[in-house]
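Here are a few notes to read alongside the model. Please keep the structure open while you go through the points.

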Amino acid sequence: RVTRHYKFNIKLQNVTRLCQTKSIVTVNGQFPGPRVIAREGDRLVIKVVNHVQYNVSIHWHGIRQLKSGWADGPAYITQCPIQTGQSYVYNFTVIGQRGTLWWHAHISWLRATLYGPIVILPKRHVPYPFPQPHKEVPITLGEWWKADTESVINQATQTGLAPNNSDAHTINGLPGLLYNCSAKDTFKLKVKPGKTYLLRLINAALNDEIFFSIANHTLIVVEADAVYVKPFRTNIVLITPGQTTNVLLKTKSKAPNATFVIAARPFATGPATFDNTTTTGLLEYKTTSSLTNTKSNKKLPLLRPVLPKFNDTVFAANFNNRVRSLANAKYPANVPKTVDRHFFFTVGLGLSTCSKNQSCQGPNNTRVAAAINNVSFVMPNIALLQSHFFNKSKGVYTTDFPANPPFKFNYTGTPPSNIMVTSGTKLIVLPFNTSVEVVLQDTSIIGAESHPLHLHGFNFFIVGQGVGNFDPKKDPSKFNLVDPAERNTASVPSGGWVAIHFIADNPGVWFMHCHLEVHTSWGLKMAWIVQDGKQHNQKLPPPPFDLPKC
Ligand code: C2O
Ligand code: CU
């Protein structure tokens, strides 16, 4: 077993995009941030030193953090933030996972510029269950704001209105050809003919699900959220914030006389108030002819891919359905067959009343909020994991998060009369090894958007999904317990539902939230407490000595 050390210096860096320079928060001055590489089974020791005026924390998205919950990273959930001038060492072992994951800041909106790939290679001498690629390329999709993103979210919080959209989407931090003043900031993938490339796609965008495609090239999906899947061919990949998808790209056997556009733009189901811009990169074949062409100043024809309509829900449902676990002898899908606790969660937007010191620019003196089972989550002032571990929950959180919504939910009928949400720091306690089923039902009361629900500390199986109301009598009989996708982030379709299963085998406090940052900011989040097991190796160890203080 190998230990790999990294040092993340959080510091400001001037970066120019779209002809405007701004100072952004980075790791080591890099944007996007540095790649973390490990092999399955390795230990990662990452020292994060905060040199900026903001509080910071880093989350290792999708890493299971088995009995290392202190290293998970969401601010005020597993740790207090790292304050200016302070540092914290994230120390964890990658157990039973290999594939693409990513890291990002987990406080306020700092993840807009603080993110990077995590590449976990299989153990030595263990091959991929697909052809060995000639080259591996991380492709991280993101969003860029001309304005300072902390001001964007702070202003939205003050007014109670929606924050401004981003000014561009990006591929590896670059907006690409279609934006003004951006042609030179275009991602280029240079390939050789007749080879297989492994593209490690990451959706690090704050607020958009994304379609991804490369003109005239078919992609083969082989992995999702660091779990191998049954390979399938597609021209377009749908990837929701938080998710990672590995695809194989087979290049043409002979270098064609063309350059191929790589394009990514949002999938959204609501009215088109989202940022519907397209980011582009270029797939270029390394050939002598392209050299000749540059010399003669003749440009190769540029071929563009065709992406679905921004609201193509049929494509989305079909694509998500095609993602299936390998479920073979080597990579079994250990789907829990029985359920100890069943939860039904409604997820969606609503309105909340304002307290005196807030401005209420929403309808009838309210502000926009988002909730699970009508509870809009309030962030505590000290980390939940600390208060849980030291038995000091009083005044920090309660354990009465509702297992069901407070009203009878009917998506197909008129919306429920009560769209007002309540608020609180409410959690659910699960005994060690509880087998959990959660049905997540989108309400679409206000607006219509799918919600990428992300669970920390676990992979879950997506055993079912559907449109309209979940039917507790009929739908469970159709659940797929054979080869469901195993992931850490699932898209709850707009006006539909997904059902997930997981085993609570990881003691700690685990955040679950929408990975659309705007919805998280409005309260679409909650947390689970998983208790220690009886055996000695089923207990969460005490915190490291340098755990930040609030
Ligand atoms: Cu990718 Cu709670 O985060
Ligand atoms: Cu959401």
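1. Ile-139 has Leu-201 in S12 as its bridge partner. The two strands concerned, S9 (residues 135-144) and S12 (residues 196-203), run parallel and are joined by seven bridges. Strands here are DSSP runs (E, at least two residues), numbered from the N terminus, and two of them pair if DSSP finds at least two bridges between them. Before you go on, note that this is a predicted model: local features need pLDDT of at least 70, side-chain atom pairs count only at pLDDT 80 or more, and totals for chains, interfaces and linings use all residues. Residues are numbered from 1 along each chain as its sequence is written, while chains are lettered from A and ligands numbered from 1 in the order in which they are written.

2. Which strands form the open sheet? There are six, in the order S10-S9-S12-S17-S14-S15, with mixed pairing. S10 and strand S15 (227-234) are the edge strands, each pairing on one side only.

3. Two asparagines deserve a look at the backbone. Asn-172 has a positive phi of about 50 degrees although it is not a glycine, and Asn-172 sits in the loop between strand S10 (168-171) and strand S11 (187-191). Asn-373 also has a positive phi of about 50 degrees; its loop lies between strand S22 (366-372) and strand S23 (375-377). Most residues other than glycine have a negative phi.

4. Are these asparagines buried or exposed? Asn-172 is partly exposed, with 19 other C-beta atoms within 10 Å, whereas Asn-373 counts as buried with 22. The cut-offs are 20 or more other C-beta atoms within 10 Å for buried, 12 or fewer for exposed, and partly exposed in between, with C-beta atoms placed from the backbone.

5. Please check Pro-32 too: the peptide bond from Phe-31 to Pro-32 is cis, with omega near -10 degrees. Pro-32 belongs to the loop between strand S2 (20-27) and strand S3 (36-39).

6. Leaving aside residues up to four places away in sequence, Ile-500 touches Val-438, Phe-460, Phe-461, Ile-462, Val-463 and Ala-490, where contact means C-beta atoms, placed from the backbone, within 7 Å.

Terms used: Helix = DSSP H or I, 4+ residues; strand = E, 2+ residues; numbered from the N terminus. Contact = placed C-beta atoms within 7 Å.
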